[in-house]
Amino acid sequence: MNIVVLKHYLSFLGEISPAMLKDIGVEWVILGHSERRHVFCESDELIADKVKHALETGLKVIACIGETLDEREAGKTEEVVFRQTQAIKDKITDWYVYLLQLNNVVIAYEPVWAIGTGKTATPQQAQEVHQSLRCWFESNVGPDIANSIRIQYGGSVTEKNCKELAGQPDIDGFLVGGASLKPEFIQIVNARQ
Ligand SMILES: O=C[C@H](O)COP(=O)(O)O
């Protein structure tokens with residue numbers, strides 16, 4: 001759920017580099033999770049640097065974005081998720097390689113107020129943001145990228161709400177925390193069947 005960005009060949013004792021993860025067979029890294037953003041105060045720019053560094057090292061990336069409750073209540077959901085996505089877009093010079101050829105980037109929309117709280121976004125709330133994000137990709141990166149990119153939803157997904165969420169046209173999968181530790185997880189895995 002984290003990597004260090006190695007710069008200028010400095011040492012970063014105690015940190016984990018993408019090369020170390022690859023060396024032990026890890027393929028995917030989750031970056032920009034709300035706890036990294038809000039507990040560890042990682043900026044949009046630092047997260048974008050990590051995404052770039054991970055991709056350039058050959059790791060696949062799930063890049064998390066999402067608004068806090070205050071931001072949602074202030075009507076800033078789109079502004080926040082577009083800003084977070086723009087920061088990543090600005091650092092990735094070749095979406096076509098990383099996305100269309102390698103399929104190495106997934107976006108996870110995780111409203112901060114829904115993570116681990118039991119308060120899931122309604123299917124309509126989640127679909128609205130996912131659709132806006134896909135339109136954003138169409139306008140800012142390209143229609144083929146917008147059609148191909150996987151946008152997962154995360155935040156209190158359970159076996160009870162997964163079917164309806166999975167039925168939304170722009171929800172391409174889930175990033176599951178707590179429910180992944182329960183036997184019912186299999187129902188989430190199969191939610192689209
Ligand atoms: O880390 C996992 C995601 O943030 C979602 O967690 P959750 O499914 O427990 O809400």
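How many helices and strands does the secondary structure of the protein chain come to?

## Overall fold

In this predicted model, where local features need pLDDT of at least 70, side-chain atom pairs count only at pLDDT 80 or more, and totals for chains, interfaces and linings use all residues, the protein chain has ten helices and five strands (DSSP runs of H or I with at least four residues, and of E with at least two). Its radius of gyration, taken over C-alpha atoms, is 16 Å, close to the 16 Å that the globule rule gives for 193 residues, so the chain is as compact as a globular protein of that length; the rule is 2.2 Å times the number of residues to the power 0.38. Residues are numbered from 1 along each chain as its sequence is written, and side-chain values use heavy atoms, with hydrogens and water left out.

## Ligand surroundings

The residues surrounding the ligand (a heavy atom within 4 Å) include Met1, His33, Glu110, Gly116 and Gly178, and the shell divides into five nonpolar, six polar and one charged.

## Polar contacts

Among the polar contacts (N or O atoms within 3.5 Å), an oxygen atom of the ligand lies 3.0 Å from a side-chain N or O atom of Glu110. Backbone atoms also take part: a ligand oxygen is 2.6 Å from an N or O atom of Gly116, and one is 2.8 Å from a polar backbone atom of Gly178.

How values were computed
A polar contact is a pair of N or O atoms within 3.5 Å; within protein, one must be able to donate a hydrogen and the other to accept it, and residues adjacent in sequence count only if both atoms are side-chain atoms. Ala, Val, Leu, Ile, Met, Phe, Trp, Tyr, Cys and Pro count as nonpolar, Asp, Glu, Lys and Arg as charged, and the others, Gly among them, as polar.
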